[in-house]
Structure formats: C-alpha cells, structure tokens
Amino acid sequence: MNENENITNDPIIVCEDVHKWFDDFHVLKGITTSFKKGEKAVICGPSGSGKSTFIRTINRLEEHQRGTIIVDGIELSNDLRNINLIRQEVGMVFQQFNLFPHLSNLQNITLGPIRVRKMTKSDAEEAALALLDRMGIEDQAYKYPAEISGGQQQRVAIARALAMEPKIMLFDEPTSALDPEMISEVLDVMRELARSGMTMLVVTHEMGFAREVADRVMFFDEGVVVEEAAPVDFFDNPQHDRTKLFISQTLQH
Amino acid sequence: MENLTFTQEIKPPSTKKSPLRWLKDNLFSNWYNTLLTLFTIVLLYFLFKSVFTWVFTQAQWAVIPANLQILSVGSYPREHLWRVAYVIYVLAVLMGLSAGIWKGLNQQITFAIACIGAVITLLPINVNTSVRETAVIATTLIAVSYVLGRDRQNLKRWVIIGWVLMFPWMMFMLHGFGENSISTLNWGGLLLTLILAVVGIVACFPIGVLLALGRRSRLPAIRWVSIVYIEVVRGMPLVTILFMGSLMLPIFLPGGFQLDKVLRAMIALTLFSAAYMAENVRGGLQAVPRGQYEAAQAVGLSYPKTMTFIVLPQALRSVIPAIVGQFIALFKDTSLVSIIALSELLGVSDNILGNPNWTGLKPELYLFIAVIYFIFTFAMSYVSQIVEADLGVGKH
C-alpha cells in the first residue's frame, strides 16, 4: 500500500523555515518540509518535541511567528478570510475529541456544513448519516456524545471533520485518550480513510499504524525534524542516535 | 473458565424502611435526639397555633378584596380598565398559540396561567364582576387559540412577530393617545411591577451577554469599556441609580426633552441588572473548555458563529441557576421604584393604608403582598428547573 497510486507530485502543504515561540520557549526551530496530495505522513517524537504544535500551525490553531506556510496555494497570514478558507480545506481530529456536548452526534456533524458551507439541513443530514454509516456507528446518530464510548466519540469527531469535505486531515494523537480496546476501531477508520486517498498528517505513538499506512515517518525532537524516511527505512535502519533510542523505547512494549 | 455461569440475579439489599423504623432512626435514635424532637414539636405547635389563630380569627382580610383594583393596577382610571383587559386578551391569544405550536415548556407555563385564570373565575369571594369577566374571556381565549395553534408550524413566524410587537403595542394601548391618554404616573400595583420586571429581564439579558463577551474581547477598547461599565454599576446601589435616572437625567438632557418617568425606571433597572448579568454569563464563558473553541474553529466557524452555536449555548446552560437568581432579584428590586414616587405592588400599600377605613391593617396587606411576590418568584424558580431538565443540564 505504500507505493500509493493516489500520490501526485503537487505539494499541497509547503512549510518554509517555520518558527514558533511560547513566550521565551522556542517550540519550532525552523521546520522546512512539504506534503504531497494524497500523502500520509506520521509524525512522532517525545512529548514536548513540538509535533502537535507543528500540525496545529497548519490550520492556524497556533500562529507561527517566522517563515511561511502555504496550504493548497493559500498562504497563512493574519488575513482572516484566508484562515477561514484554509480551515474549510483542513479537517482536524483532537486527542480529547472535543465534540460539542450540547449537540447530538448528528448535529455535531451537520453544524459545519449548514453554518459554514450553507448546505440545506436535509442534505447535510443525509451526508452525515452516510458518514456515520462509513464509521460504523449510524445507530448512534441521535444520541449525545456523553452517551457513547470514547472510540465512538472519536469516530463521530472524524465524521465531523470529514463532513466539511476537506482536502487534508490532521490527527493530533487521535488514540492517546482511548481505552486500549477502543484504539483499533479508530485506527480501522483511519486506515480506510488512508485507502480513499486523503492527505493525512497523523501525530501518533501507534508505530504499527505508521509502519502499515504511512508513506513517510517524521521524527521530531526539540523543535526540529531529526529524521524523516519511509517507514521501512525509518524503523529498520534509523540513522540518528536519538531516533534509535526513541524507536527502541516505543517498540519495547 | 468455561463453567463460569451466573447463578441468579441478586437484587440489591432493600433500603426501604417501615415508618416506625424511619421514626426511630431519624427522630428518636438516642436520648438527646428524642429530647430535641419533643422540644421542636412543642415549639412548632405554639408557633403554628398563634399564626393560625391570627390568620383565621383575628386578621381583617376585608382589606384585600376591597382594594383588589388598587393592588392590581394602582390608580389607573376605572373607565379605562378595558385597556388593561385588551392587553391581557392579546397576551392570552399569543400564549395559547405558542403553547399549541411549540408544546413543551410553553404548554406547561400556559397551562399554569390558564389555571390561575380559571381559579379567579371560580373564586368564591366577591370580586369585581369585570375582573371575573376578564378572567373568563382570557381563559377561553387561551384554550381556543391553543386548539387553533396546535401543530400549525406555519404560524411560527407570525407568533414570534406578535411577541416582538407586543411590547410597543402594550405601551401604546395602556398609555392611550390624545386627550384621553393616561399618564404613566397612574400606572401602578401588580401591573407596574410586572411591566418593569418583564422589560428589565428581557432587556438586561442581551446587554449582559454583550458586556460579558466584551469583557473577554481581545480588543482593548471594547474590553475596557465593558470592565469600567460593569465595575462602576456594580459599585452603586440601585437606589442611587434610580435617583440619578429620575432626578439628574432630566437636567442633563437637552432642554425641553422629556423622558417618561416609568421609562426612566425601566432603563435604570435594565442597566443595573445588565452589569450583574454580565458577570454571571462571564462565569459560564470561563467554564467552556478551550477545546470547544478550537474544534469550532477547526470546522471553519467564524467568531460570531462560534459564540452563537457553540460557546454561548454551553455557557448559558451552566449558569441558569445564577441567571434565574438574578431575574428573581430584579423582580423584587422593582419594589424600590417607590422611592421615585412610582406606586408598584408594594408602593400602593401606602395609598391603601392612608385610607382611614384601613389604617392599622399593615400585617394583612403586607402578608398578602409577600404571598404575591412569592408566587411569582417561586414560579420563576420552578420554570428554571423545568428548563434545566429539558436541556439535559448535567447529562450531556
């Protein structure tokens, strides 16, 4: 699956020397990279390495302070119109799901299409039910987030992001808050999404998933990309000592 | 492990107690509890005995029915009371239609009000015939419009427009026009209390929400204006604000321009409560986790849409008890307008007691007025509990 026929040569995300500080703390120290349409990149690294901050700069949940980020031909700047345009192109899935607790699962999914894409309610609901079906939880449509399991909540969150028909999906540790027996149901959905040709940036500690699905694995440490390679090379033949240490630590258990 | 079977379902141990057992456990568990119980019983006996004796044998309740008109509308001229009746009829129709269309809470509230109407209709005491007549017509109107409005979703928009137009229409109707107009100084009693309270509640809510959002704004100008407004208003007693509205505002306004006295009281009450409302709402806003804002932004919602659809619904439902507390306080605070010579429900008691026929009947009158206040505030508190249950607060 790694020789993905969906990948084209056009980069959809281009990052040039991206820097970010939290007060005095230098989180991202000049990230330069690009992602192609249809590419699946897994981003890993120890906590505090800047990997989450990096993918959050791509839909401007975090503002970068130096360098340029261009997503689908639109540069991320302080121009609000650009930001809202990009956010419609980029879906995001959070570690803590962040579903809207006062809305039913169906309403969580239809909110964006109705309020941002100006879809009619019936069209949006039809599309949402189809997405829930794809996630294998169509019977949970009229329940509230608090009434379903964590794995189901995360699948609703994925459906919510997909409902905006994004070109890119960002996953910020999507399985880290889940009970072990629920991780696979979320990973299954992500595998299916990968097969459909979606461009995906996934921050995760699930190395099995990385090996199986990723076209490229990026290893972050202390705000820089220490190493990036195809999964085969990355796991079996890491070049840097820090990468070797990280892999040995994560694969031990 | 294959042989592991569940024998039979075991019921939890019963927690029900026989009444005798309950008495023993709760009231007579040992010698000092027994003593305390007996002492309390004796105390309650004497307390209730004196209260009941007063209420049923000594109190002269004749003061209430004789002054029912003053208590309900103050010195509103008798020959113009049809105006009040008309306002009630239109309200009855709107409530009936809303109950029919929206069901749920609307239906329960309307039903409760219709019950009050029915009780007044059937009241055994000798009320004014026109009061009875108004109650009969209003109750009938509620019932008829409820039946007409049932499941008529296409009427929704018109009913909402009706509610919006209700306030200006009511003011116009009560005030009249031309030579026959009735000065707002004649408005009084429960009528004035309700008008002030409803206007204050409806108007202070949106202003309070805007101030709360303003106080959390990233724009310094908006933030500072909100902070200064909230802190200054919270630092002043309502009485001061009422005095300023009543005495100082006319001095500042350009010559000849007159603002109606009741209107000034409405503005003062609204601006006062808005500051408190803002702080209640801000408490709710702070309880909404950051992830909610991020998720809303990630879906592409703009700031106003994020607030309208995601943040405010969650913020407001978490502070319903505080908001309703503020509404109840506002309802009772309307009694302070008597210091600027407006005679609302409590204020009219002075007019009544000034009549030589009724001197010395303060306890009867005040107790009755207290009961009226209690009925309304308890109703507000009860409705808020239903709203919370309807919204599933604490569940999802």
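**Cavities, a sheet and a buried serine**

Modeller: About 70 Å³ of space lies in the largest cavity. Keep in mind that this is a predicted model.

Biologist: Why is that space called a cavity?

Modeller: The term cavity is used because a 1.4 Å probe fits there but cannot get out. A search of the whole structure finds 2 cavities of 30 Å³ or more.

Biologist: Which residues lie nearest the centre of the largest cavity?

Modeller: Gly91(A), Met92(A), Ala161(A), Ala298(B) and Val299(B), out of 13 lining residues. Helix H2, strand E6 (90-93) and helix H5 (150-162) of chain A each supply at least two lining residues, and H13 of chain B does too. The largest share comes from E6(A), with 3 residues.

Biologist: What makes up that lining by class?

Modeller: It divides into 9 nonpolar, 2 polar and 2 charged residues.

Biologist: What is the volume of the second largest cavity, and which residues line it?

Modeller: Its volume is about 30 Å³. The lining is Lys40(A), Ala41(A), Val42(A), Met200(A), Val202(A), Phe209(A), Val213(A) and Ala214(A). Strand E3 (40-44), strand E8 (199-203) and helix H7 (207-213) of chain A give two or more residues each. E3(A) gives the most, with 3 residues. By class, there are 7 nonpolar, no polar and 1 charged.

Biologist: What makes a pocket something other than a cavity?

Modeller: A pocket is an open set of points, whereas the probe cannot get out of a cavity. The second largest pocket has a volume of about 1200 Å³. Of its 28 lining residues, the closest to its centre are Arg87(A), Arg218(B), Tyr293(B), Gln297(B) and Tyr303(B). Helix H2 (80-89) of chain A gives two or more residues, as do helices H9 (189-215), H13 (290-298) and H14 (303-318) of chain B. The lining has 13 nonpolar, 7 polar and 8 charged residues.

Biologist: Now the sheet in chain A. Why do strands E2 (25-36) and E5 (74-75) count as edges?

Modeller: The open, antiparallel sheet has the order E2-E1-E4-E5. E2(A) and E5(A) each have a single partner strand, so one side of each is left without a neighbour in the sheet.

Biologist: How do you know that E4(A) and E5(A) are paired?

Modeller: The cut-off is at least two bridges. E4(A) and E5(A) have 2 bridges, so they count as paired. Ile70(A) stands opposite Glu75(A), and Val71(A) has Ile74(A) as its bridge partner. The two strands form a hairpin with 2 residues between them, and Asp72(A) in the turn has a positive phi of about 50 degrees.

Biologist: How many bridges join E1(A) to E4(A)?

Modeller: There are 5, which also passes the cut-off of at least two. One bridge partner of Ile13(A) is Val71(A) in E4(A).

Biologist: Last, chain B. Where is Ser98(B), and is it buried or exposed?

Modeller: Ser98(B) is in helix H5 (residues 81-102) of chain B. Its relative accessible area is 3%. Buried means under 20%, so Ser98(B) is buried.

Biologist: Which residues does Ser98(B) touch?

Modeller: Leaving out residues up to four places away in sequence, Ser98(B) touches Lys103(B), Asn106(B), Val159(B) and Trp163(B). Of the 396 residues of chain B, 37% count as buried.

Definitions and conventions:
Residues are numbered from 1 along each chain as its sequence is written. Chains are lettered from A and ligands numbered from 1 in the order in which they are written. This is a predicted model: local features need pLDDT of at least 70, side-chain atom pairs count only at pLDDT 80 or more; totals for chains, interfaces and linings use all residues. Side-chain values use heavy atoms; hydrogens and water are left out. On a 1 Å grid over the protein atoms alone, a cavity is a set of points where a 1.4 Å probe fits but cannot get out, and a pocket is an open set with protein on both sides within 12 Å along at least five of seven lines; lining residues have an atom within 4 Å of a point. Grid points are joined across faces, edges and corners, and a volume is the space filled by probe spheres set on the points. Helices (H or I, at least four residues) and strands (E, at least two) are DSSP runs, numbered from the N terminus. Ala, Val, Leu, Ile, Met, Phe, Trp, Tyr, Cys and Pro count as nonpolar, Asp, Glu, Lys and Arg as charged, and the others, Gly among them, as polar. Buried means under 20% relative accessible area, exposed over 50%, partly exposed in between (1.4 Å probe, protein chains only). Contact means heavy atoms within 4.5 Å.
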